[in-house]
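Hi everyone, thanks for having me.

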Amino acid sequence: MTSAPIVVHQPSISGGRRVTVHSNSGSEILGTAYSDHDLVVFLQGAGVAVAAAFLDDPRWVEWRGGHAHEFSAA
């Protein structure tokens, strides 16, 4: 399991990245993000008030597979 509570998974073959939030009670899939804007909207919906400020903070967000902020097809 990751130490960051938010995981942006590797890009899918059709584009977009699955986003999950992890807590003591388990993990929840927020959806598939196709841009940083989508990711911020998901995080705000999950209660992260200033989500954009956390995107490059590895204590909050783990970008798996591929480069951060890239959402195109794998």
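Before we count anything, a word on terms: helices, of at least four residues, and strands, of at least two, are DSSP runs, numbered from the N terminus. Please keep in mind that this is a predicted model.

With that in hand, the protein chain has 1 helix and 4 strands. If you start at the N terminus and follow the chain, the order is β-β-β-α-β.

Next, the overall dimensions. The C-alpha trace spans about 30 × 25 × 20 Å along its principal axes. What radius of gyration would a compact globule with 74 residues have? It would be near 11 Å, and the protein chain has 11 Å, so the two agree. Of the contacts with a separation of 6 or more, 43% are between residues 24 or more positions apart.

Buried residues account for 35% of the 74 residues. The accessible surface comes to about 4,500 Å², and carbon and sulfur atoms hold 54% of that. As for charges, there are 4 positive and 7 negative ones, and their mean positions lie 7 Å apart.

In soluble globular proteins, nonpolar side chains tend to be buried together. Here, the largest nonpolar core has 14 residues, and Leu39, Leu43 and Trp63 are the ones with the most contacts inside it. Two or more residues each come from β1 (6–11), α1 (36–45) and β4 (61–63). The largest share is that of α1, with 3 residues.

Which residues does Trp63 touch, leaving out those up to four places away in sequence? They are Val8, Arg17, Asp36, Leu39, Leu55, Ala68, His69 and Phe71.

One of those neighbours, His69, deserves a moment. You'll find His69 in the segment after β4. Most residues other than glycine have a negative phi. His69 is not a glycine, yet its phi is positive, at about 70 degrees. Is it buried, partly exposed or exposed? Its relative accessible area is 30%, so His69 is partly exposed, since that label covers values between 20% and 50%.

My last stop is Gly45, in helix α1. Gly45 has 69% relative accessibility, so it counts as exposed, because the cut-off for that is over 50%. From Gly45 to Leu30 it is 15 residues in sequence, and 8.8 Å in space from C-alpha to C-alpha.

That's my tour, and I'm happy to take questions.

Note on methods
Residues numbered from 1 in each chain as written. Predicted model: local features only at pLDDT ≥ 70, side-chain atom pairs only at ≥ 80, totals over all residues. Heavy atoms only, no water. Rg over C-alpha atoms; globule rule 2.2 N^0.38 Å. Buried < 20%, exposed > 50% of the residue type's maximum accessible area, 1.4 Å probe, protein only. Contact = heavy atoms within 4.5 Å. Areas by Shrake-Rupley, 256 points an atom, 1.4 Å probe, with all protein chains shown as cover. Lys, Arg positive; Asp, Glu negative; His and termini not counted. Charge placed at Lys NZ, Arg CZ, Asp CG, Glu CD. Core = buried A, V, L, I, M, F, W, Y, C linked by side-chain atoms within 4.5 Å.
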